Each structure stands twice: as structure tokens, then as C-alpha cells.
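Student: I would like to learn how to read a model feature by feature. Where do we begin?

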Amino acid sequence: MLFDLIVIGAGPAGAAAAKTAADAGLRCALVDKARFPRDKLCGGGFTGRAARYYREIFAPDLPADFDSKTAVALYGFGEKLGVIEDIPPVYLTMRLALDDHLCALALAAGAADFTGRAITAFRPETGEVTLAGGEVLRAPVVIGADGVNSFTARTLFGRPFDPARIGFALEVEAPPLAPEAPLRIDMGAAHWGYGWSFPKTGSHTVGIGGVHSRNPDLKALMRAYMRDLGLPGDARIKGQYLPFGKARRNPGRDNVLLAGDAAWLVDPVTGEGIAYAMKSGQMAALAARDALARHEPAAALRLYRARLRPIRVAMRDANFVRLLIYWGPFRKGFIRAVRGSGRLRHDYMRLLGGELEYPDLMRRLLRRLPNYLGRALGGRKGA
Ligand SMILES: Cc1cc2nc3c(=O)[nH]c(=O)nc-3n(C[C@H](O)[C@H](O)[C@H](O)COP(=O)(O)OP(=O)(O)OC[C@H]3O[C@@H](n4cnc5c(N)ncnc54)[C@H](O)[C@@H]3O)c2cc1C
């Protein structure tokens, strides 16, 4: 069967790509090995940024079953840094429901439904995707939105990610907390990483994630974190790679584009990946549309890279901020600065809430850097 575009993977990135493509009038196939609803290991934190992109790509109103929180307890390396109230709302969702909803919206917009169909072969040069059972789909442009273990990236580059730089995360679903319980974020709960406690209606998602190579015993850190939170130690812990650190330099090749986790678009400071998955999926579909309009499918990657630049810059800046937080010599300064400055804490939450983007945060941080370094070296205290 011939299409204009094939999207592999129907998570947030793939659903956004397929919805955008269908809205633009492209004949689009949406393929996923899973049948929906399917689960995905995730905290389900849906930021103000994610809400903005959702409204832009999918629908004007957020799903009614989202929880929302406007307070967060922030900890750093075991110390309480403060409770921040009146933050922009952070929404909480379960991925089983969210992804089913996003996929349904993409299909309702007109994408052809190939969910529940495994792929057995992909030939990038011809845009041929073979499904289990032998059916062959063909399109001039293909988007790989197939997550951190991306089959598409493996086909292009021989492996889906760089094991030396990848992150890893562990998570449990614990019994629900009181409805007024705040979000909790623990920077440093893992080495070069963080922990999260997300109280939701009917559940309480708890996890930690950090750079894989620096956390040889992440499970022990997870158990310690669960003990700190007063959780029973017998909950079933699940794990998954977390593609944070650095966005791919080449998110694809010619007519094949990678979006979301397949392109390594998880913020290493906040762990946010859903927003960037949706946005990059939309950008990839728009690049595909433009390349097809020019009858130049191989130009799709160039067009996509240009669109993706703000996200790549955000990931680069986030890496710098991660260094300020986690690099040993800076750590003391980070704790003092955050404990002493309500504005810094609020900036962090505005970043998480999608009200502040990295270029603005960087400008503010660079202005304060001398102060910050002074604190790191044991100098002045206070705000
Ligand atoms: C423990 C953990 C907690 C997290 N918490 C948060 C959070 O609170 N907030 C946040 O914003 N982000 C969070 N993230 C990151 C977030 O989950 C991801 O960034 C996001 O899911 C990326 O979306 P995606 O569409 O790129 O990939 P995915 O959601 O992984 O979707 C990929 C899809 O591709 C399909 N697929 C895979 N291989 C194939 C194949 N060969 N053929 C066909 N289909 C295939 C899969 O079935 C899947 O449906 C967390 C991640 C982890 C691991």
C-alpha cells in the first residue's frame, strides 16, 4: 500500500506526527507493534509546555481526567530546599489513558490504523515497511517515533542509542496519597539524576532516574528513596532507558526522520519528554509535508533539523544547567543558591511549567553565575 508518510510508533511523538500529517492532507499510515491502550513506563508529569503543545496539535481542551498540582516540595541531595506554592499547574496523567487518547485523535483525523502490527523489515532507501504477515507499506518519507529502543534508529545507525551516555530510570506505582499532597522532586536521589513522587487520583507514581553509567546500583538507590518516602519495599520496580543528555546531531537520514525519544529529546534537568515528543512529532510531519510539496523527500531531514533547532538548543542549555547542579564542585553552591533564593526556585518551577524557556533561564543564570560560584567556594550566603 502506498502512502505519503509512514509513522512508526504511536506514542506522543508518533500520534502528534500522524495527527499533524492527516490535518495537512497527507495520506499517512500510523504503525505500532502494540495494540492500544498500552502502558508505557513514565511519571505521567504533563507540564504547562506539554499542555500548550497538546492544544496546538490535538485539541483545544485538555482531557478531563488529568490531575493538576500547584505546589511542589523540592529537595536537593537529601536536604529540603523548600515548598514552592502557586506554581503554574503541572498536570498528572497515566500513560495508559493518555497515549490511547492521543492515538485515537490521530486516527480520527484520518491516519490509517496499523496499530497492533509488528514490523519485520524496514528499507530506508525505498521507504518500505514490512509488517508481520507480509503486508508491505511504502512511502517517500518515514518518521521513526518508536521510542528509546528505536528500531528505525537501529536500522539507520546500527544501534538505537549510545550506552555510555544514556540514562536509566526505575519506577513503582504505590498506593494513593491524600489528595492535597504536593509533587515532590529530589535532585540527587540518583547520581546525576533525580527522584520524583507524583501523587495522583488512584495512584502514586514514584521513581528515580540518572545517567546509567554513573549508577551501577540504581535499584539500591531506589529502595533507599522508597524508604525515605515511607513506602513498603515490596512494590514491583520496573525500569527503562531514559534518552536524556544530548539531542541527536542527526535526527534521521534524508527521507527518514526520528522524533521524540528516538531522537533523544528528554530534558536532563526536569526529565520532561512528553512535550518534546509531541512537538518534535509535529515538526517532523511539517518537514515531511514541505519536502513532499517540493518533490524532494530527501530534503526532509534538512527541513526538520531547521525546525528542531529550538529544542536542540534547549537540550544543550539543559546540559549546562545539569552541570551546575550535579558536578561535585558546584553542588554546595547549588544547594545554597536554591535554598537562599525564592526567585531561583520559582524559575525552576516556571521552567517545569513551560512559562520559562531555557534561553531566558540561561540569561538569568549567567547573570547570577559569579554569585553562584562564590557560594560554591564557600563565600557569601543568603539570597
Ligand atoms: C521512568 C520514566 C519516567 C518518565 N516520566 C516522565 C514524566 O513524568 N513526564 C515527561 O514528560 N516525560 C517522562 N518520561 C519520558 C517520556 O516517557 C518519554 O519522553 C515519552 O514517552 C516519549 O514519547 P515517544 O512517543 O517518543 O516514545 P514512546 O512513548 O516510547 O512511544 C514509542 C511507541 O513506539 C512503539 N514501537 C516501539 N518499537 C516499535 C516497532 N519496532 N514497531 C512499531 N512500533 C514500535 C511502542 O510500542 C510505543 O507505542 C519518563 C520516562 C521514563 C522511562
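**Reading the domain interface**

Tutor: This is a predicted model. Begin with polar contacts: between domain 1 and domain 2 there are 7 residue pairs in polar contact, both residues at pLDDT 80 or more.

Student: Which elements each supply at least two residues of the side of domain 1 that touches domain 2?

Tutor: They are β3 (45-46) and α2 (48-57). The largest share of that side comes from α2, with 3 residues.

Student: How many residues of each class does the side of domain 1 that touches domain 2 have?

Tutor: There are 12 nonpolar, 8 polar and 4 charged residues.

Student: How is the chain divided into domains?

Tutor: Read the bounds piece by piece. Domain 1 takes 5-60 + 94-163 + 246-317. Domain 2 takes 67-92 + 166-242. Domain 3 is 328-376.

Student: How far apart are the C-alpha centres of domain 1 and domain 2?

Tutor: Those centres lie 27 Å apart. For the contact itself, count residues: 24 of domain 1 are in contact with 19 of domain 2.

Student: What area do domain 1 and domain 2 bury between them?

Tutor: About 1600 Å², with 62% of it on carbon and sulfur atoms. L41, G43 and M94 supply 33% of the area that domain 1 buries against domain 2, more than any other three residues.

Student: Now charge. What is the general idea of a salt bridge?

Tutor: Side chains of opposite charge can pair when their charged atoms come close. Across the interface of domain 1 and domain 2, the rule finds 0 salt bridges. In the whole structure, a search finds 21.

Student: Which residue forms a salt bridge with D4?

Tutor: R27 does; the side chains meet at 3.0 Å, N to O. The pair links distant parts of the chain, 23 residues apart. D4 sits in the segment before β1 (5-8), and R27 in the loop between α1 (12-23) and β2 (28-32).

Student: Let us turn to the ligand. Which residues around the ligand come nearest?

Tutor: D32, G43, G45, R95 and D261, out of 37 residues around the ligand. Next, separate side-chain from backbone partners. In the side chain of D32, an N or O atom is 2.6 Å from an oxygen atom of the ligand.

Student: What should I look for in the backbone geometry?

Tutor: Look for exceptions. Most residues other than glycine have a negative phi, and most peptide bonds are trans.

Student: Which residues does a cis peptide bond join?

Tutor: F36 and P37, with omega about 0°. P37 is found in the loop between β2 and β3.

Student: And where is W192 placed?

Tutor: W192 is in the loop between β12 (183-187) and β13 (193-200). Its phi is near 50°, a positive value in a residue other than glycine.

Key: Residues are numbered from 1 along each chain as its sequence is written. This is a predicted model: local features need pLDDT of at least 70, side-chain atom pairs count only at pLDDT 80 or more; totals for chains, interfaces and linings use all residues. Side-chain values use heavy atoms; hydrogens and water are left out. Domain bounds come from an automatic or database domain assignment. Contact means heavy atoms within 4.5 Å. Buried area is the accessible area (1.4 Å probe) that two parts lose on being put together, summed over both. A salt bridge is a side-chain nitrogen of Lys or Arg within 4 Å of a carboxyl oxygen of Asp or Glu. A polar contact is a pair of N or O atoms within 3.5 Å; within protein, one must be able to donate a hydrogen and the other to accept it, and residues adjacent in sequence count only if both atoms are side-chain atoms. Helices (H or I, at least four residues) and strands (E, at least two) are DSSP runs, numbered from the N terminus. Ala, Val, Leu, Ile, Met, Phe, Trp, Tyr, Cys and Pro count as nonpolar, Asp, Glu, Lys and Arg as charged, and the others, Gly among them, as polar. A residue is near a molecule or strand if one of its heavy atoms lies within 4 Å of it.
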